[in-house]
Amino acid sequence: MSAYHRPVPNTWWLKRTPYVLFMLRELTSIFVAGYCVFLLILVYKLTQGADAYGNFIDALKSPSSIALHFITLAFVLYHTITWFNLTPKILVLYKGEEQIPKALVAGVFYTGWVVVSIVVALLVLGM
Amino acid sequence: MAETIKLEIFRYRPEKESEPTFLTYEVPFLEDWVVLDAINHIKDEIDGTLSYRWSCQMGVCGSCGVMINGVPKLSCAAFLKDYYPDKIRVEPLTGFPVERDLVSQIDDFMTKLTKIQPYIIRKRGEEKPLDEGEYLQTPAELARFKPYSMCINCMLCYAACPVYALDSTFIGPAAIALGQRYNMDSRDHGRSARQELIASHEGIWECTFVGECSAVCPKDVDPAAAIQRAKVSSTVDWFKDVLIPWGKKK
C-alpha cells in the first residue's frame, strides 16, 4: 500500500491571505530593483549633456510615467514597512543581560528612514 | 433537536482507492467540543474505519495536527464554536505524504530532527563525569534560547511552509529552530558540527521567510526568527572567513 502524495498547484499562494501578502512582498523587490535601474539611467542621462537630461525629465512628466511612479511608491512603501517590521525578529540585541526592546530596534530603522527622507526632500526642493 | 455541525473529512484508504475523497459527517455541536472531540465521536459512533493521530488532548503531545479549513492546527485546540454553523474541512497536514485518512507519513521529519543533532555537544575533553554534576547556566543564558526549546514536534510549521511543500529536501522550520536552540545554549559547543547542515542550501538558505511557520506555532516558538538569525550568524561567519582568513577557525 502506497502513501498518497498531494500535488501542489501553482496557485498555492492564492489559497490563504498570508501567502498572498508574502507573494506581494516578494513582488515589491522587482519595483525596488527597477527603481534602482531607473536612478542609474537618470545619472547616465546627466552625463549625456543638458539636452538629453532635459528630454528625459520631460518624458517623465507624462501621465503614464507619473502613474508608474505612484505604483512604484506604493510597492516600495510596502517593501520597506514589512521588512522594517520584521527586523526586530532577526536583530535580537542585548545590553548586558537585558534584551533591547523590539519596538526600539524597529524605531531606529524608522527614524533613520524619516531622517534620510527629510534630507533627500530638502536636497530635491533646493532648500 | 440538538444542534449539529458538519465535518468534511479527507479519506484515503489505499486498499480500496488510489485517490483520496472527502466524506461528510454530521456530529452534535457542543460549546466545549474541539475538532478532536468531533473526530473521536465519528470514530466511536459513526464510522470506526476513520484513522487519525491523537494522544494527550491538551496541546502538549503534538500528535493531533491537521489542516482545519486549510490552516494547520492542533485538532485538540480548535473549538467547533469558532467555525459553527459552517462546515469544517479536515485534512492531513500539507507537505507530508498521506499514509491513510488523516495520518501523515512523518519519517522525513524524524530523520531531519536526528540529523540536526538536537542535544548538548561538548568540546572534546570538556565532558564532565556525571558525578561532577550538571553544567550550570544563569537565568539570562537560559532566557536566550528558551522560546526555541518549547517545540512539541507537532509539525504544524512544516504544514504551513510552502517551501517544504514544494521541495521536501528543505530541513524545515522546527528542526532548524531546534538546532538554533542548542547553538544558543551556553553549555553547548556543537555549533560547527551542526553548521554544515544548517548553513547548507537545504538548510536556512532555502527559507524565503514566508513567516507562516511562526504564525501557526501553538507554542510561540517562532522558527522563522530562528532561521533568519541563523542566516545572520552564518553570513557573519562567511565575512570573517573572507576578511580575516588567518583568524580563529570556528
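## Two domains

Chain B falls into two parts, domain 1 (4-104) and domain 2 (107-243). Please keep in mind that this is a predicted model. Between the C-alpha centres of domain 1 and domain 2 of chain B there are 30 Å.

## Where the domains touch

Where they meet, domain 1 of chain B supplies 14 residues and domain 2 of chain B supplies 13 residues. On the domain 1 side of chain B, strand 3 (65-68) and strand 4 (71-74) are the elements that give two or more residues. Strand 4 of chain B gives the most to this side, with 4 residues.

In chain B, 5 strands make an open sheet with mixed pairing, in the order 2-1-5-3-4. Strand 2 (21-28) and strand 4 of chain B are the edge strands, each pairing on one side only. From one strand to the next, the twist averages 35 degrees.

Strands 3 and 4 of chain B, which both give residues to the domain contact, pair in the antiparallel sense over 4 bridges. At the residue level, Met67(B) has Pro72(B), in strand 4 of chain B, as its bridge partner.

## A helix across the strands

Helix 1 (residues 35-46) of chain B lies across strand 1 (4-11), strand 2, strand 3 and strand 5 (88-91) of chain B. Relative to strand 2 of chain B, helix 1 of chain B runs at about 95 degrees.

Key
Residues are numbered from 1 along each chain as its sequence is written. Chains are lettered from A and ligands numbered from 1 in the order in which they are written. This is a predicted model: local features need pLDDT of at least 70, side-chain atom pairs count only at pLDDT 80 or more; totals for chains, interfaces and linings use all residues. Domain bounds come from an automatic or database domain assignment. Two residues are in contact if their C-beta atoms, placed from the backbone, lie within 7 Å. Two strands pair if DSSP finds at least two bridges between them. Axes are lines fitted to C-alpha atoms, for helices over the stretch in contact, and angles run from 0 to 180 degrees between N-to-C directions.
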